[in-house]
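My notes follow in the order I made them.

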Amino acid sequence: MKKLILITATLLVAATVSLRADVTENWKKNCASCHGNDGKGNTKAGKKAKVKDMTEAKYQEALTDEKMAKQIKEGMKEDGKEIMKPFGDKLTDDEIKALVAYVRKFKS
Ligand code: HEC
């Protein structure tokens, strides 16, 4: 009986872990096309959208975690045109929080 409980518990943990997408995966899948793997935005789409260099101290200082999370959730518009789509319905609050921390790590 004890063994059965242990196996069940292990399976439950494994299931939860695999359900939660890794933050690096989320970045690569949803963000890197514009912001680049390194956050510098040195990609074709990034240049077109004129994304800023996330590794710059100036960039990091100008943004609070709350503002970043809000923009990721709600997207960004410029002159009424969507320049970054909202991810609020695609990512959970926890995933967005993890992405904010991920962006913070680009600071050089
Ligand atoms: C279609 C291109 C595109 C994609 C994809 C994209 N972004 Fe952006 N993002 C932009 C543009 C354009 C801006 C506005 C210019 C800037 O601040 O670099 C921006 C701004 C930001 C900002 C700064 C917000 C602010 O208040 O200035 C953050 C943080 C950010 N993006 C994170 C992300 C994350 C995280 C993802 C993936 C979930 C993502 N972006 C996906 C284009 C994109």
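An oxygen atom of the ligand lies 2.6 Å from a polar backbone atom of K52. Side chains came next. In Q71, a side-chain N or O atom is 3.1 Å from a ligand oxygen. In K67, the corresponding distance from a side-chain N or O atom to a ligand oxygen is 3.4 Å. I keep in mind that this is a predicted model, and that the distances are computed from it.

**The iron**

Which protein atoms are donors to the iron atom of the ligand? I found NE2 of H35 and SD of M84, at 2.0 to 2.1 Å from the iron. H35 sits in helix α2, residues 23-35, and M84 sits in strand β2, residues 81-84. The two are 49 residues apart, so I noted that the pair links distant parts of the chain.

Why do I call the arrangement octahedral? There are 6 donor atoms around the iron, and the angles they subtend run from 87 to 179°, which makes it octahedral. For reference, ideal angles for six octahedral donors are 90 or 180 degrees.

Is H35 buried or exposed? H35 has a relative accessible area of 13%, so it is buried; the cut-off for that is under 20%.

**The shell around the ligand**

I listed the surroundings next. There are 22 residues around the ligand, and C31, C34, H35, K52 and M84 come nearest. Helix α2 gives the largest share of the shell, 6 residues. Elements that supply at least two shell residues each are α2, α5 (65-74) and β2. I also checked the pockets: the space taken by the ligand is the largest pocket.

**G36**

I stepped one loop on. G36 lies in the loop between α2 and α3. Its relative accessible area is 4%, so G36 is buried.

Most residues other than glycine have a negative phi. I looked for exceptions and noted two.

- K50 has phi near 55°, a positive value in a residue that is not glycine. K50 is in the loop between α3 (44-49) and α4. Its relative accessible area is 69%, so K50 is exposed.
- D79 has phi near 50°, again positive and again not a glycine. D79 is in the loop between β1 (76-78) and β2. At 79% relative accessible area, D79 counts as exposed.

Where is K58 found? K58 is in helix α4, residues 57-62. With a relative accessible area of 65%, K58 is exposed; the cut-off here is over 50%. K58 and G88 are 30 residues apart in sequence and 26 Å apart in space, C-alpha to C-alpha.

K105 is in the segment after α6 (93-104). Its relative accessibility is 67%, so K105 counts as exposed. From K105 to Y59 I noted 46 residues in sequence and 12 Å in space, C-alpha to C-alpha.

Key:
Residues numbered from 1 in each chain as written. Predicted model: local features only at pLDDT ≥ 70, side-chain atom pairs only at ≥ 80, totals over all residues. Heavy atoms only, no water. Donors = N, O, S within 2.8 Å, 3.2 Å for Na, K, Ca; no water. Tetrahedral: all angles 85-135°; square planar, octahedral: opposite > 155°, others 65-115°. Helix = DSSP H or I, 4+ residues; strand = E, 2+ residues; numbered from the N terminus. Buried < 20%, exposed > 50% of the residue type's maximum accessible area, 1.4 Å probe, protein only. Near = heavy atom within 4 Å. Polar contact = N/O pair within 3.5 Å; in protein donor to acceptor, adjacent residues only side chain to side chain. 1 Å grid on protein atoms, 1.4 Å probe; cavity = no way out; pocket = protein on both sides within 12 Å on 5 of 7 lines; lining within 4 Å. Sits in = over half its atoms within 2 Å of the grid points.
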